[in-house]
Amino acid sequence: MQLREFVDVVTSEEPPLARTVDDIVAAGRRAERRRRAGFASAGAAGLVVVAVAGAFLLPTSGAERNTPATPARAGAAAAGPAGATWPDAAPFTFTFQGYDAGTLHVQDPIVASTAYQIASVYSDRHTSNDKPVTAEEAEAQGDIIEQKKRAAGGKPSLWAYLTVYRPGAFDPAEIKDGEKVTVAGRRAVQATLPVGLDPQGPAEERNKLFAWEYAHNAWAAVTSVSGDEATPSFRDLGGLVEGLKPSKPKSAPVPFTVGYVPAGYLPLQTGTHAMPGLSGIATARAGDYGGATYTRPAMPTSGLTLPYDAVEGTIRDGFHIFVTPSTSSNQSPEPGTTKCYRTTDGPARGGFCNVWSADGTVVLQVSSQGLGNRLPLAELEKVAKGITVADVADESTWTPAAKALRS
């Protein structure tokens, strides 16, 4: 099921041109909340994009390893488990690669930010959720789908990702009810996360966080939302510790360059072969090309316990840039055109702009929806018209994020 179909399923009564990528992801979140109601009991749940208080992800099937190549992480650090030294890399840099740890498989990172980088984690024993849900799944209530899978001998679902934080960015002391442990000689903390990953919800045994100090004052954390209470276990997640090693730093590339940025807005996070942030992790295998998120003011780069968009409403003023195939849009292609649409929600000033490629196969979207809608539509249009899209099929034409996102 393509992303555009989420909207058709959840908001079919609304005009198609009023729907944006954010709306699509939000629809996925709503579907995922219903789907994961059975993962806990109370309804909340999900995973991604403006994200978590529930989280908002868009599920999938399969657990094969196929992530775009681009190692990520950043930050100077002391020696790693086997004497490895982590480079003092700048933000928006990939500094590790995918690796295997028993039945778990960390992919190459695809999200980079000012404070961390993120990679999907797949499992041989689970079906990984990083593609859009089917129409049937979107309409399902509770854990009906999960029960049917198990009854048919299928694998339980899993949505998991590894966040590797820059030195000083992560604060393990802020993990609610965290239990201090030691794994492979490393300081670590583990905790059961709440229903729907909503900070206000009760703990749910199927939701886990395991974090460890991979270098001096630098932490990595794996988040796991599973359809099975027993797996992956904290022991399984702890198996990721020794496999995390530094690789040659590589700037996170994006398939566009930005020509105009409104005053005060700064780049926060990117997606390489994916949408930016947890939205990109949620749809890692949906075939998107790339994106970025800007915020005003800059977000903190210390004291973090989870990605910026893991809790809905954390980002109060910003805008997204998405470059996706037209098949990921719920709107009919309009080759060679640029059109902007004002939001219809409340007193917000913003909306979104679409710029279609000459052949209609690629769409660039600039949107303030889901990020406060404070940026005027006229400014969004200036941003959109100032962006140059590269050859989405040839990564050699892409630009390192630190350079591409400068005004």
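Contact, as the word is used in this tour, means heavy atoms within 4.5 Å. The structure on display is a predicted model, in which local features need pLDDT of at least 70 and side-chain atom pairs count only at pLDDT 80 or more, whereas totals for chains, interfaces and linings use all residues. Residues are numbered from 1 along each chain as its sequence is written, and side-chain values use heavy atoms, with hydrogens and water left out.

**The whole protein**

Begin with the entire protein in cartoon view. Its secondary structure comes to eight helices and 22 strands; helices (H or I, at least four residues) and strands (E, at least two) are DSSP runs, numbered from the N terminus. Of the 407 residues, 58% are buried. Here buried means under 20% relative accessible area, exposed means over 50%, and partly exposed lies in between, with a 1.4 Å probe and protein chains only. Among contacts between residues at least 6 apart in sequence, 68% join residues at least 24 apart.

**Helix α7 and its cover**

Next, select α7 (377–385). Its buried residues are L377, E379, L380, V383 and A384. They lie on the same side of α7 because they cover an arc of only 155° around the axis, the arc being that of the directions from the helix axis to the C-beta atoms. An α-helix has 3.6 residues a turn, so residues three or four places apart point the same way. Colour A378 and K385 separately: these are exposed on the other side of α7. Then show β17 (318–325), β18, β19 and β20, which are included in what covers the buried residues of the helix.

Which residues does the disulfide join? Select C340 and C353, whose sulfur atoms lie 2.0 Å apart; a disulfide is a pair of cysteine sulfur atoms within 2.5 Å. The pair links distant parts of the chain, with C340 in strand β18 (residues 338–342) and C353 in strand β19 (residues 351–356), 13 residues apart. A search of the whole structure finds one disulfide. The torsion about the S-S bond is about 110°, so this disulfide is right-handed. C340 is partly exposed, at 25% relative accessible area, while C353 is buried, at 0%.

**Two buried loop residues**

Move to Q369, in the loop between β20 (362–367) and α7. Q369 counts as buried because its relative accessibility is 7%. Its side chain and that of T343 are joined by a polar contact of 3.2 Å. A polar contact is a pair of N or O atoms within 3.5 Å; within protein, one must be able to donate a hydrogen and the other to accept it, and residues adjacent in sequence count only if both atoms are side-chain atoms.

Then select S329, in the loop between β17 and β18. S329 is buried too, with a relative accessible area of 9%. Its side chain reaches the backbone nitrogen of Q331 at 3.0 Å.

**The largest pocket**

Now display K176, L193, P194, P199 and L306. Among the 21 residues that line the largest pocket, these are the closest to its centre. The pocket holds about 450 Å³ of space. On a 1 Å grid over the protein atoms alone, a pocket is an open set of points with protein on both sides within 12 Å along at least five of seven lines, and lining residues have an atom within 4 Å of a point; a cavity is a set where a 1.4 Å probe fits but cannot get out. Grid points are joined across faces, edges and corners, and a volume is the space filled by probe spheres set on the points. Which strand gives the largest share of the lining? β9 does, with four residues. Both β9 (186–194) and β10 (203–215) supply at least two.

Finish with the backbone. The peptide bond from T231 to P232 is cis, with omega near -10°, and P232 sits in the loop between β11 (218–226) and α5 (234–238). The bond from R296 to P297 is likewise cis, with omega near -5°; P297 is in the loop between β16 (290–295) and β17.

Is F92 buried or exposed? F92 is buried, at 8% relative accessibility, and has a positive phi of about 60° although it is not a glycine. D177 also has a positive phi, near 55°, but this residue is exposed, at 67%, in the loop between β7 and β8 (179–183).
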